[in-house]
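Hi,

Here is the structure I promised to pass on. Have a look at it, then read my notes below.

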Amino acid sequence: METVILIVVLAVFFVAVVAEMSWLLLVRPRRLRRGAPPVEVVSPPEAPGEPELRVPGRDAAESGPAVIAPPAPPRESAPAPAPEIEKPPPSAGRLVRLRDRLARSQSSVGSVLLGLLSRDRLDDDTWDEIEEVLITADVGVVPARQIVDDLRTKVKVLGVRGIDEVRALLRAELIEQIGPEMDRSVHTQRHDGGVPAVVLMVGVNGTGKTTTCGKLARVLVGDGETVLLGAADTFRAAAADQLQTWGERVGARTVRADREGADPASVAFDSVKEGTELGVDVVLVDTAGRLHTKTGLMDELGKVKRVIEKRTPVDEVLLVLDATTGQNGLRQARVFAEVVDITGIVLTKLDGTAKGGIVIAVQRELGVPVKLVGLGEGPDDLAPFDPATFVDAILAA
């Protein structure tokens, strides 16, 4: 009896299993076809390559099956914008605009001199003090002595005592010593036949020579001239980069070597050649900073000048001196003058020193004028030198 019951239970269980499998295989697929559509993988257009789950609508059959969208091509990076070309101010009136800055650094010298000359009694000790002040201001021993002798004679003859009279007397004497008759223009006129003028910048390391070359380009562009820069300092890649940056700001092309350590004379020659082809007014050639005690480096500078002169004369050789170096700057000037014919001097950092007398000393030493002065770190802080404006700044007149 128990065996019969067990057989019946197993039979019922078997029939139930068979019925369930038949329902799964036959009935459920029909419901799937009649019910919600299956889930399909697509890629959203805004994020190619990242699939999402989407249920197509009832018109999916009309629109066609969904597909995996191909990834969009990568966007090309936008080219870097060209640097904006600046329009520098003209050179006229620059020193007047910078006069206050110059006066702040030089006023102590002028005030001391005026105070000494305004004393009720000008004895020998007072005149010795005046001479010491002038020497301290880097005027030089011989020029200082001459200034004192001239002032002493004029005060005795004219009987000057008032502060205004003393200032006028001292002003006239200082302007005379600086040399108002000297030609301080920078010669940048193009030659006949379309050959550009050539300006060679020389000096020792640390005087701000490359920066001065870039600032001079701004001065010339501000005056309406076209400029090409020659990066003949091939020993420092940073110097060529720096000069090129200065040129790009004013729209001036820069010729440079394709490798560090290239022949600087070759770069200078190529600069003049390309400047001629482009029809620019002036080519500014920046040379490597040279120690005035190194004979080999100085000889190489002479070679640069000779190579340029095979194509065109060098119109200007500007020696860049740091005004804060004082008498050491005079020693540098002597050696450079022996190698290349210096035609003018650029005094940098004149706003940071009370030793403006170096203007008088270096002119007497070389017999060439100070043509430009640097009065700050701004791009337009290079100015043509004017003796009267300079002396007025010293005396705060």
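**Where to be careful**

Residues 23-69 have pLDDT under 50 (pLDDT is the predictor's confidence in each residue, from 0 to 100), and the model has 35 contacts for them beyond four places in sequence, a contact being heavy atoms within 4.5 Å. Where pLDDT is low, the predicted coordinates should not be read in detail. The protein chain as a whole averages a pLDDT of 80, with 76% of the residues at 70 or above.

Some ground rules: this is a predicted model, where local features need pLDDT of at least 70 and side-chain atom pairs count only at 80 or more, while totals for chains, interfaces and linings use all residues. Residues are numbered from 1 along each chain as its sequence is written, and side-chain values use heavy atoms, leaving out hydrogens and water.

**The sheet**

Eight strands form an open sheet with mixed pairing, in the order β5-β4-β6-β3-β7-β8-β9-β10. (Strands are DSSP runs of E, at least two residues; helices are runs of H or I, at least four; both are numbered from the N terminus. Strands pair if DSSP finds at least two bridges between them.) At the edges sit β5 (253-256) and β10 (382-384), each pairing on one side only. β4 (residues 227-232) and β6 (residues 282-287) pair in the parallel sense over six bridges. Ala232 has Thr287 in β6 as its bridge partner.

Thr389 lies in helix α14 (residues 387-395). Leaving aside neighbours within four places in sequence, Thr389 is in contact with Leu95, Val96 and Arg99.

Cheers
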